[in-house]
Amino acid sequence: MPLLSVKNLAVRFETHHGTVRAVDGISFDMEEGETLGLVGESGSGKSVTNLALLGLIPSPPGVMTGQVHFDGQEISALSEPELRKVRGNRISMIFQDPMTSLNPLLTIGRQMTEVLELHKGKSHSEALRLAAVGLGEVGLSEPESRLAQYPHELSGGMRQRVMIAMGLLCEPRLLLADEPTTALDVTIQAQILELMAEVQRRHGTAIILVTHDLGVVAGTADRVAVMYAGRIVEEGPTHQLFKNPHHPYTQGLLSSVPRLDSDTSQKMSSIPGTPPDLAEMPPGCAFAPRCPNVQVECKSERPELLASGVPGRSNACPLYASPDSAEADSAEARP
Amino acid sequence: MTRPLLEVQNLTKHFPVGPRTFLGNAQQHLRAVDGVSFNIERGVSLGLVGESGCGKSTCARTIVGLHPATSGSVRYEGVELTTLSRRGWLPYRRKIQMIFQDPYASLDPRQTVAQILDEPLALFGLGRRRERRLRVLALLEAVGLNPRHVQRYPHEFSGGQRQRIGIARALASEPDLIVCDEPVSALDVSIQAQIVNLLAELRERFDLAYLFIAHDLAVVRHLCDRIAVMYLGRLVEEAPREEIFKNPSHPYTKALLSAVPYPDPEIERTRERIVLRGDVPSPLNPPSGCPFHPRCHQAHEVSGDRCSHQVPELLQKGDRSLACHLD
């Protein structure tokens, strides 16, 4: 049985401009110790997916439907007090901006000990000791004295380390990381990614890594799910998906990422147009207005995410079904 | 040899911070830009890269006169800009324009596109009303927007389209130099590429020079002829694009390049990576000697303690300038 199983998860918001379907029926499974990269552009629903998994969608205006099974328990059916026992304990979350997600009025020590006292029933002194160990593990110097400091006394990279240490204190089975390095500089990003990989090796934590940065996903994820306008349009093992993307959106996205080894005499390739307004979705495939190989039927029927004939891969473009390329793909997958 | 279009020499910008003394002088100075020199030739693009807080945006804003310089000189076609009065600046504002990072904050929400684009034209007296109206439509066309949307307000456009309006506004006065401060950082990847292509196309068409500020090296590589790398208020290396990417000399340039993630799992998981230790030091209290030495992975290769005591000068060698004691 998978560690996490998401079935038909949907989140909609009732707004003045109509119903916004931020997440529009997505399903995926995750195994123990695995890293899933959830990628997409802004507004594609990747962050809302993460929030929904922990029941953090404000209602109203949000409405969440679908099932989330975690570790044999249906957490989407839990009450708020029961969910609180899961959050920060068996599933924890790292947010994008460590400046706004740490409480500026409390010391690092106070914020870190809270989870341990609450979930594990530790005494305050024991919790402080464990918090210091946690800070040491994420590479902060002088962890004991850091506990007495306030968030503003730390740099961005250090604050993100504190967030990670805090997220790992209760040794969660699943870590939801929402753009954990986006606010950081590249040299600091490299440190944090290295740290997360090491933590995962040590504790066997499964990670959902939400990011718009395909370079970050390429280096860290085992599998990748690409989201567009609230849906997963393609999913598969990282190496295969990058080497041979099936969905036209994935293809466009991958080729528009600037690379340090691309040909600068050529124009950068881009996807024409802009993502659709979620309150006024076109009928049919959401990507159809920007798709280079759009067909008549794309504009009327909304395609489902289906297994694409290659083991472990699925794809929501009905035009991709050619057996030749499927064969080529499995040939590539063989060592 | 002809003069460069823009000559920046030993430019510094210090901000007074913290409590003041009895006489009202600041006790501490934040050394945002600390002696930066470079030239930009006509029609050439210079990329200024570095991490947040290194002073690249302050440098750009000081050059265009949005901050008064603390010391140093900025010359445009030989004319010193740092000592100009507001009125004296006017003719140069026409020739030096700026594109900002945030397309949401840099357009007046109460003005229509027509008003936004007409303002520089009217200010510099570029044509009569009817001519200006035609020019506004031509500008929209040039940046890939529908001229029929000329009466719309900024909020009716997407982020990428707004950045196109910002670009059209910068183009309006027919500048020679456009200072671009992170113009694509706030945009999604698929839109980012559209804007980079547009900037490249406009450069060809109007023979523009760019000072292009960015932290994304891959974007800079696409657009710039030369690249200057900045760290803690100083340039550490400046060279033609291919030199920087194929043969980086400064340890910081090397580390920066190796930290850029590749969108390719095979390369990303096999290449050697220099992971720097620690954080960027505070510009309030920069380290002695070379500002990079506390994080430098090659400082031990220099004999003695020069790295921690002596600030390395930016020295020109052929087509490359480098500020490092290693050699």
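In chain B, the buried residues of α4(B) pack against α3 (113-123), α5 (159-171) and α6 (189-206). Here buried means under 20% relative accessible area, exposed over 50% and partly exposed in between, with a 1.4 Å probe and protein chains only. This is a predicted model, in which local features need pLDDT of at least 70, side-chain atom pairs count only at pLDDT 80 or more, and totals for chains, interfaces and linings use all residues. Residues are numbered from 1 along each chain as its sequence is written, chains are lettered from A and ligands numbered from 1 in the order in which they are written, and side-chain values use heavy atoms, without hydrogens and water. Helices (H or I, at least four residues) and strands (E, at least two) are DSSP runs numbered from the N terminus.

**Helix α4(B)**
- The 14 residues of α4 (residues 129-142) reach 20 Å from first C-alpha to last, close to the 20 Å expected at 1.5 Å a residue, taken as 1.5 Å times one less than the number of residues.
- Its buried residues are B:Arg132, B:Val136, B:Leu139, B:Leu140 and B:Ala142.
- These fall within an arc of 155° seen down the axis, so they line one face of α4(B); the arc is that of the directions from the helix axis to the C-beta atoms.
- On the other side, B:Arg130, B:Arg133, B:Leu134 and B:Glu141 are exposed.
- B:Gly144, which follows α4(B), has a positive phi near 80°.

**Helix α1(B)**
- Six of the eight residues of α1 (residues 56-63) are buried, among them B:Cys59 and B:Ile63.
- Just after α1(B), B:Gly65 has a positive phi of about 85°.

**A:Ser314**
- A:Ser314 lies in strand β12 (residues 314-315) of chain A and counts as buried at 13% relative accessibility.

Key
Contact = heavy atoms within 4.5 Å.
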